[in-house]
Amino acid sequence: MTRSVPYRRTRRAVAAGLAATAALCVLIAVVPAPAAAAVSAAAATGSGLHHPLRIDNRFLPFRPGTRYVFDGEVDGAPHRVVLVVTDLAKVVDGVRTAVLWDRDFDDGQLVEAELAFEAQNDAGTVWNYGEYPEEYENGHFVGAPSTWIPGVDRARAGINMLAHPRVGTPRYVQGSAPAIDFLDTAKVVGTGRHVCVRGRCYDHVVVTDETSPLDPDSGHQIKYYAPGIGVIRIGAVGGSQQEFLDLVSVSHLGPAGVASARAAALTLERRAYRVSKPYRRTPPMHVRG
């Protein structure tokens with residue numbers, strides 16, 4: 001299970017297309033996880049995907065220029081995650097996706113910098129469309145071995161947040177990449193919760209349980225989603241490298257901040273093309289039009 005991804009752990013006709021999309025989303029949800037990973041994300045999202053960059057899901061909105069800061073700990077050590085929704089877009093597996101820039105800090109030192117790709121279908125479901133996570137040791141780049149791109153090496157997109165999360169919905173796949181033994185799944189375990197995080201309280205919170213069937217020893221991440229905001233808390237049950245995070249701020253960047261985030265994301269992409277074979281199979285990012 002991928003660590004430190006607060007926004008996570010995947011989008012054309014009208015009524016008939018939406019019905020087909022919904023049916024395939026159900027298929028992804030109800031089959032056993034390894035089989036679900038084989039379902040074509042392109043088929044699952046090929047209908048009902050007219051505005052994939054408009055991510056306004058009630059429990060996971062990604063508006064360009066929004067910056068989220070999470071503080072907490074990993075195995076008792078201070079940990080911070082800073083996530084920015086950039087103004088960039090990238091075509092992945094035939095789908096135009098929104099680009100998120102995410103950084104993880106252990107005790108103040110950068111340990112991961114990531115580009116993540118998200119899209120929303122017409123029904124309101126948000127989908128994960130791959131990740132390029134750079135790893136750092138002692139502040140120095142050491143590689144990006146966990147990169148996965150849907151449509152490359154049998155990797156498949158997966159669901160990040162359901163359009164209408166309900167308790168009782170079968171566990172669903174969040175993304176799969178057989179080449180790197182990656183498979184994340186999630187299940188809604190609570191709705192309508194009242195949750196307080198660092199002095200601020202939220203109503204109608206949705207709770208999900210995330211885990212990897214390929215790595216059961218990694219334990220579970222428990223995530224809390226507040227309406228109109230997204231993730232507000234992450235907890236852990238079992239596993240090693242337990243991570244606990246609270247949302248400490250949400251802000252909206254001005255033009256200079258948006259430009260700075262864009263430049264940083266484009267810098268990561270330049271290196272991605274040098275070091276990652278899967279990433280080279282994608283066209284460059286571009287500013288949203």
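Colleague: Why is F141 called partly exposed?

Modeller: In this predicted model, F141 has 26% relative accessibility. Buried means under 20% and exposed over 50%, so F141 falls in between and counts as partly exposed.

Colleague: What makes Y136 buried?

Modeller: The relative accessibility of Y136 is 13%. The cut-off for buried is under 20%, so Y136 counts as buried.

Colleague: Why is the pair of Y136 and F141 called edge-to-face?

Modeller: A search of the whole structure finds five aromatic pairs. For Y136 and F141, the ring centres are 6.1 Å apart, and a pair needs centres within 6.5 Å. The planes stand at 70°, and over 60 degrees counts as edge-to-face, so that is the name for this pair.

Colleague: Why is the pair of W148 and F182 called tilted?

Modeller: The ring centres of W148 and F182 are 5.0 Å apart and the planes are at 35°. Stacked needs planes under 30 degrees apart and edge-to-face needs over 60, so this pair is tilted.

Colleague: What makes this pair tie together parts that are apart in sequence?

Modeller: W148 lies in the loop between β8 (140–143) and β9 (156–161), while F182 is in strand β11 (residues 182–197), so the pair links parts 34 residues apart in sequence. Both W148 and F182 are buried.

Colleague: How do you know that R271 lies over the face of F141?

Modeller: R271 is at 4.1 Å from the ring centre of F141. The distance cut-off is within 6 Å, and the charge must also be within 35 degrees of the ring normal. R271 is listed as lying over the face of F141.

Colleague: How do you know that a disulfide joins C196 to C201?

Modeller: The S to S distance for C196 and C201 is 1.9 Å. The rule asks for cysteine sulfur atoms within 2.5 Å, so C196 and C201 qualify. By this rule the count is one disulfide.

Colleague: Why is the disulfide of C196 and C201 called right-handed?

Modeller: The torsion about the S-S bond is about 100°, so the disulfide is right-handed.

Colleague: Are C196 and C201 buried or partly exposed?

Modeller: C196 has 37% relative accessibility and C201 has 42%.

Colleague: Why is D122 called partly exposed?

Modeller: D122 has a relative accessible area of 34%. Buried would need under 20% and exposed over 50%, so D122 is partly exposed. D122 is found in the loop between β6 (109–120) and β7 (126–137).

Conventions: Residues numbered from 1 in each chain as written. Predicted model: local features only at pLDDT ≥ 70, side-chain atom pairs only at ≥ 80, totals over all residues. Heavy atoms only, no water. Buried < 20%, exposed > 50% of the residue type's maximum accessible area, 1.4 Å probe, protein only. Helix = DSSP H or I, 4+ residues; strand = E, 2+ residues; numbered from the N terminus. Phe/Tyr/Trp six-rings, centres within 6.5 Å; stacked < 30°, edge-to-face > 60°.
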